[in-house]
Amino acid sequence: MSSNLPSHLPAPEVSSGLDQTLRPGSWDEYVGQKHIKENLSVLLQASEERSEPPEHILFYGPPGLGKTTLAHLIAKETRKQIKITSGPAIEKVGDLASILTNLSPGDILFIDEIHRLNKMIEEVLYPAMESRTLDIILGKGPSARTIQLELPAFTLIAATTRIALLSSPLRSRFSGGVFRLEFYTLEEMENIIRRSAKILGVDLDREAAIEIAQRSRFTPRTANYLLKRARDYAQVHKLPLSRDTVHRALSLLEIDEAGLTSADRKMLSAIIQNFSGGPVGISTIATSLSEEEGTVEEVYEPYLIQTGMLERTPRGRVVTKKAYEHLGFELPEDAQGRLL
């Protein structure tokens, strides 16, 4: 995923070694996304029986739900190499050509943020996916000529957080399946946290695990971040990693019991105080928060809508009764009938 994270989100670890360690190493360790795992099991077994590489696969959904992890598990299951890149990293047709021509038969190419590929590169990718050929134009004008290179059989696995930005021709070429990753349940998050705590060598009781799970935004990446920060707090203050310690650590990070950050609360409060709870347009919200519209739509909104604290309506965004109650605002009399 992109490293240009908004300031209110957790910063990435300096070393990715620990994150790699926490990543599930087998299908049994991968918690949740049951329907995707079942479909992939059939796809991978069928392709192995035919001695063919799996067909191209697309994963989409909010960040941090395990798209990259699934790609690594597929590579491990097929016992093939995985080459990893991202849409923004492929700037020129030559970049893509270099990647594709260096693949070995059966290799897996994982492209993260594929929605950020430019259209020229996307068009070169079509024949590579469909007929395993690479068309390269040499020269310009009347003297230009096209050469066609044969590519080894490979599997493209792509991930995106914004599937609507993918063109229809590109989406249709993922013949192995287009899978949406869903947010995890509280029970699944608890299992993920307890597994991560065991890997980290942390003694975590069940109440502490539930406390982290409730604030994890139902996202494994966030849960592991919160667990590591709670571990740090307990270590520095010489405390057991209990529910009370977790509560103190996450309060220091300004993450409340519903998983809302200070930025989330600021957005809801701005809509309530400045716009009577809505409806209000996305551009107006972004201006009032001094944020870009894309940040509001991609970072703030998904979880607020998921928790039922914000609604999208044809007229704009509306804060719900649940958000009023959570933030301690009194619900206006004229809003009681229209807010759930």
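Is Arg195 buried, partly exposed or exposed? Arg195 is partly exposed, at a relative accessible area of 21% (buried is under 20%, exposed over 50%, partly exposed in between, with a 1.4 Å probe and protein chains only).

A word on the model before the close-ups. This is a predicted model, in which local features need pLDDT of at least 70 and side-chain atom pairs count only at pLDDT 80 or more, while totals for chains, interfaces and linings use all residues. Residues are numbered from 1 along each chain as its sequence is written, and side-chain values use heavy atoms, with hydrogens and water left out.

**View 1. Arg195 and Glu29 pair up across distant parts of the chain.** The two form a salt bridge, with the closest N and O atoms 3.1 Å apart (a salt bridge is a side-chain nitrogen of Lys or Arg within 4 Å of a carboxyl oxygen of Asp or Glu). Arg195 sits in helix α7 (residues 186-200), and Glu29 in the loop between α1 (17-22) and α2 (34-49), 166 residues apart. Helices here are DSSP runs of H or I with at least four residues, strands are runs of E with at least two, and both are numbered from the N terminus. Glu29 is partly exposed too, at 36%.

**View 2. Arg116 meets Glu113.** Their side chains make a salt bridge of 3.2 Å, N to O.

**View 3. Arg173 reaches Glu130.** This salt bridge spans 3.4 Å, N to O. Arg173 lies in the loop between α6 (168-172) and β7 (177-180) and Glu130 in helix α5 (residues 119-130), so the pair ties together parts 43 residues apart in sequence. Glu130 counts as exposed, at 58%.

**View 4. Four residues share one salt-bridge network.** Glu297, Glu301, Arg312 and Arg317 are joined through shared partners. The structure holds 20 salt bridges in total.

**View 5. Leu204 belongs to the largest nonpolar core.** A nonpolar core is a set of buried Ala, Val, Leu, Ile, Met, Phe, Trp, Tyr and Cys residues joined through side-chain atoms within 4.5 Å. Of the 46 residues in this one, Leu40, Phe59, Ile74 and Leu204 touch the most other members. Helix α9 (residues 220-236) supplies the largest share, seven residues. Leaving aside residues up to four places away in sequence, Leu204 touches Ile193, Arg194, Ala197, Ala209, Ile212, Leu227 and Leu241 (contact means heavy atoms within 4.5 Å).

**View 6. Another core lies apart from the largest one.** Its 24 residues include Ile114, Phe154, Leu156 and Leu166.
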